[in-house]
Amino acid sequence: MTIFNINLHEAVYSLSDALDLVGVTHIHHGKRVAYMAAECGKQMGWRGQRMDDLFQAAILHDCGVSKTLVHSRLAQFEWEKEGDHCMIGAVLLNTCPLLAHLAPVVRYHHTHWSELKDMDLPEEVKFAANCIYMVDRVDVLSLGFMVDQSNLLLGREEIRMKIFEKRGDWFCPELVDAFMQVSRSEAFWLSLESEHVSGYVSVWLSETTQREMDFEELRSIVRIFSYIVDAKSPFTKSHSDGVARLSRYLGELFELSKVSCEMLELAGLLHDIGKLRQPDALLDKPGKLTPAEYAQIQRHSFDTYTILKNIKGLEKVTQWAALHHERADGSGYPYHLSTEGLAIEARIVAVADVFQALAQKRPYRDSLQPDEIMEILNEMVDEGKLDRGVVLCVDSHLQTCWEKAVGV
Ligand SMILES: [Fe+2]
Ligand SMILES: [Fe+2]
Ligand SMILES: [Fe+2]
């Protein structure tokens with residue numbers, strides 16, 4: 001069994017950075033919520049593992065949201081469908097052994113205290129869920145004061161009063177009292193600015209240690225995020241899964257080492273994670289993209305790099321994932337590397353990505369059959385876009401490649 005030496009917090013934090021991008025205009029929501037939850041937790045006298053769990057659940061609390069539309073709705077103080085993303089988030093976390101204990105907290109992070117307090121759940125879960133709910137609403141209210149650089153300090157009393165009005169109804173009285181206490185200072189509000197909140201999170205990260213995890217554990221974390229990316233558009237459902245399976249299969253055909261094949265699978269799962277920053281409408285657009293829209297789409301593979309680059313132990317996976325739009329002749333993006341600069345694994349992911357995308361329906365065309373896909377891949381080889389060796393390998397195992405790509 002391959003063991004990866006990865007810092008769980010670092011991995012969760014980096015990947016959740018991608019979640020933060022779903023806000024498009026409201027970025028770093030997860031980090032601000034984690035910061036405020038931690039301040040309230042400290043005030044409550046919570047320590048150790050309880051604080052770690054609170055922080056991690058807060059960072060991940062919106063993992064059930066991949067659509068920019070849903071995110072914008074959550075930025076309203078009240079929205080009747082807010083429970084859906086709690087459920088999706090909890091289901092996702094439950095698929096991952098290392099994070100499953102956070103699922104109930106995420107599940108109830110929009111449940112009013114008046115209802116939650118009598119539910120048959122551990123006290124710690126109820127408090128953590130309600131703490132996240134409360135500061136999540138604080139962040140939403142803050143948003144109104146953060147536009148146009150207007151000063152959050154001017155709005156803080158209004159925000160505090162709005163939270164106080166829900167004491168005992170939406171929010172647990174002790175938690176509201178803790179919040180009222182910590183939010184008296186200017187520093188509390190000024191710390192919500194991006195550079196401060198990122199610094200706060202970095203300190204938390206630096207206090208945690210590397211943890212060995214096996215491939216299955218790591219993959220289960222990564223799959224949460226690949227699921228989120230794929231769920232952004234109805235057209236890309238399971239795209240990352242397909243790219244991952246096909247990349248791994250091609251790696252095996254090239255007789256790469258077991259660990260390289262496993263990392264290829266991870267790279268496939270993560271290659272499009274930068275798409276979380278893209279507005280849904282762009283990914284679903286049926287017609288031709290305008291130059292501005294194309295420029296926006298093009299940044300996603302660089303965003304993939306930005307999101308993954310800080311996870312120590314995943315350097316190669318980061319490279320192979322971020323280079324999936326590079327082309328053999330140097331005409332790809334974002335680095336314009338050509339074959340000599342591209343590892344075989346990166347060339348494999350690039351081919352697997354094109355193959356899987358062609359096998360799926362897109363807003364502007366139907367899904368293609370294996371022989372039609374092969375024709376396009378061969379044309380791309382002739383144009384100098386894709387690696388000839390990799391495409392030849394696909395050709396000689398076409399049926400299995402198709403099955404891996406579409407998940408038969
Ligand atoms: Fe939220
Ligand atoms: Fe892509
Ligand atoms: Fe892709």
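**View 1. Where domain 1 meets domain 2.** Here 18 residues of domain 1 are in contact with 13 residues of domain 2, contact meaning that the C-beta atoms, placed from the backbone, lie within 7 Å. This is a predicted model, so local features need pLDDT of at least 70 and side-chain atom pairs count only at pLDDT 80 or more, while totals for chains, interfaces and linings use all residues. Residues are numbered from 1 along each chain as its sequence is written, with chains lettered from A and ligands numbered from 1 in the order in which they are written.

**View 2. The domain 1 side, element by element.** β1 (3–6), α1 (8–21) and α4 (68–74) each give two or more residues to the side touching domain 2; helices (H or I, at least four residues) and strands (E, at least two) are DSSP runs, numbered from the N terminus. The top contributor is α1, with eight residues.

**View 3. The two domains together.** Domain 1 covers 3–206 and domain 2 covers 232–406, with bounds from an automatic or database domain assignment. Their centres, taken over C-alpha atoms, sit 34 Å apart.

**View 4. Around F355.** Leaving out residues up to four places away in sequence, F355 touches L246, I373, L377, V394, C401 and A405.

**View 5. Helix α19 and its cover.** In α19 (residues 315–322), V317, T318, W320, A321 and A322 are buried, that is, each has 20 or more other C-beta atoms within 10 Å of its own, with C-beta atoms placed from the backbone. The cover over these buried residues includes α15 (258–270), α18 (300–308) and α20 (344–359).

Terms used
Contact = placed C-beta atoms within 7 Å. Buried ≥ 20, exposed ≤ 12 C-beta atoms within 10 Å, placed from the backbone.
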